[in-house]
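Thank you all for making the time this morning.

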Amino acid sequence: MIRVFVATIFLGWLVFPAVAASLDAAAINNAEYSSKLSTDSIDAAAIRIQVLLDRARFSPGEIDGKLGENAQKALRAFAEAKGLTSDKVLTADVWKVLVTGSEDAVIAEYKISESDVKGPFLEKLPTKMDDMKNLKALGYTSPREAIAEKFHMSEGLLEALNPKKKFDQAGEIILVANVLTKQTKLTIGRIEVDKSRQTVKAFGPSGELVAFFPATVGSEQKPTPSGSLKVVSVDANPNYRYNPDYKFKGVKSREAFTIKPGPNNPVGSYWIGLSAEGFGIHGTPNPSKVSKSESHGCVRLTNWDVGLLGSNIKKGTPVVFVDSPQGGGKS
């Protein structure tokens with residue numbers, strides 16, 4: 001038994017340094033095409049793909065270094081937009097188009113600033129809405145969470161890229177996803193919400209696809225509406241107002257209450273109100289769960305994705321809800 005234990009430790013020493021070595025900036029920035037990428041473990045090529053998709057406004061959701069469900073959705077949308085349809089999620093042609101013209105490194109150094117660590121931070125984020133109503137703000141729980149969201153990353157990937165680094169110390173140099181490139185102003189003529197595929201598409205005035213986002217769309221308890229609605233309001237850092245008529249599961253209060261703004265507010269850091277009472281497109285305190293859990297009837301995006309959409313959309317923009325004929329579930 002002791003021999004087995006010692007052998008296991010020895011193998012661990014061999015494996016973990018290899019994984020860490022594969023995640024240095026050069027390995028990711030120079031990653032080459034591979035037809036076989038894991039959906040479960042962090043891979044240099046998958047990181048490069050996710051960052052490039054994010055920059056192209058085909059959001060993979062949270063950048064976690066894995067070719068998971070949301071990254072695959074973004075790749076399919078990207079390929080379709082470029083006329084590169086295939087039964088495979090990733091092909092050499094799609095890779096070539098994705099990396100062409102993208103000279104900036106996908107992983108870059110970042111110096112943690114005073115504002116990154118200033119806070120205030122929550123000691124603990126309550127799990128129940130009833131316990132959120134008395135908080136002064138729904139901010140981040142740590143500098144690590146704030147920095148990860150700033151660069152559209154999972155906290156797990158941020159830590160994997162920066163072993164033994166301190167995220168609460170201003171001046172610390174860390175590696176991050178290089179997504180903070182200057183955004184081109186989007187002109188949006190129409191939004192399409194696919195209820196079965198769990199996606200949101202933004203189209204230009206001429207019908208061209210200008211942005212794509214994975215989404216959580218409704219639930220059995222409170223389905224998302226059908227047909228065409230319009231944008232009636234756009235609010236950054238919104239309050240969340242709970243209506244007891246909603247009778248959400250897990251909420252005990254029988255009286256209306258308000259939860260203060262913040263990225264960990266139940267509707268995240270942005271609210272795009274629609275012309276059906278109580279429905280909207282909004283952010284989330286849990287970016288890793290986008291398209292993987294149910295919502296309270298609204299359309300939920302990551303905070304950075306809804307921020308991009310909200311800062312470019314105008315009141316009166318049509319929002320069309322569709323059921324994809326090839327859909328089914330949350331694929």
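Predicted model: local features only at pLDDT ≥ 70, side-chain atom pairs only at ≥ 80, totals over all residues.

The protein has nine helices and 13 strands, and of its 331 residues 50% are buried. If we take the contacts between residues at least 6 apart in sequence, 63% of them join residues that are at least 24 apart.

Which residues have the most contacts inside the largest nonpolar core? They are Ile49 and Leu75, and the core they belong to has 46 residues. At least two residues of this core come from each of α2 (25-29), α3 (44-55), α4, α5 (92-99), β1 (107-111), α7 (143-150), α8 (155-161) and β2 (173-177), and the largest share, seven residues, is supplied by α3. If we look at Leu75 and set aside its neighbours within four places in sequence, we find Leu75 in contact with Ile49, Leu53, Leu67, Val89, Leu90, Val94 and Leu98. Apart from this core lies another one, of 27 residues, which includes Val193, Tyr270, Ile272 and Ile281.

Now to the packing of α3 against its partners. Two packed helices are described by the angle between their axes and the distance between the axes. For α3 and α4 the angle is about 55° and the axes are 10 Å apart, and α3 is therefore classed as oblique to α4. On the α3 side the contact is made by Ile49, Gln50 and Leu53, and on the α4 side by Ala71, Ala74, Leu75 and Phe78. The crossing of α3 past α4 is left-handed.

The pair formed by α3 and α5 has an angle of about 55°, with the axes 10 Å apart, so α3 is oblique to α5. Here, too, α3 makes a left-handed crossing, this time past α5. The residues that meet are Ala45, Arg48, Ile49, Leu52 and Leu53 in α3, and Trp95, Leu98 and Val99 in α5.

In what order do the nine strands of the open sheet run? Reading across, the order is β5-β4-β3-β13-β7-β10-β11-β12-β6, and the pairing is mixed. The edges are held by β5 (209-214) and β6 (216-217), and because each has a single partner strand, one side of each is left without a neighbour in the sheet.

Two helices pack on this sheet. Helix α4 (residues 69-81) touches β4 (199-203) and β5, and its direction makes about 165° with that of β5. Helix α9 (residues 303-310) touches β3 (190-194), β4, β5, β7 (227-236), β10 (270-274) and β11, and its direction makes about 55° with that of β10. Is α9 mostly covered or mostly exposed? It is mostly covered, since eight of its eight residues are buried, among them Trp304, Val306, Leu308 and Leu309.

As for the pairing itself, β7 runs antiparallel to strand β13 (residues 318-322), with four bridges joining the two, and Leu229 has Val319 as its bridge partner in β13. Between β7 and β10 the sense is antiparallel, over five bridges, and Ala236 is partnered by Tyr270 in β10. By contrast, β11 (residues 280-282) and β12 (residues 299-300) run parallel and are joined by two bridges, with Arg300 in β12 as the bridge partner of His282.

Finally, I would like to turn to Ser269, which lies in the loop between β9 (257-259) and β10. Why does Ser269 count as buried? Its relative accessibility is 17%, and the cut-off for a buried residue is under 20%. Leaving aside neighbours within four places in sequence, Ser269 is in contact with Asp235, Ala236, Asn237, Pro238, Gly262, Pro263 and Asn303. One of these, Asn303, is among the buried residues of α9. Ser269 and Pro285 are 16 residues apart in sequence, and their C-alpha atoms are 8.6 Å apart in space.

Key. Residues numbered from 1 in each chain as written. Heavy atoms only, no water. Pairing = 2+ DSSP bridges. Contact = heavy atoms within 4.5 Å. Axes fitted to C-alpha atoms, helices over the stretch in contact; angles between N-to-C directions. Core = buried A, V, L, I, M, F, W, Y, C linked by side-chain atoms within 4.5 Å. Buried < 20%, exposed > 50% of the residue type's maximum accessible area, 1.4 Å probe, protein only. Parallel < 35°, antiparallel > 145°, perpendicular 65-115°, else oblique. Left-handed = near helix turned anticlockwise from the far one by under 90°.
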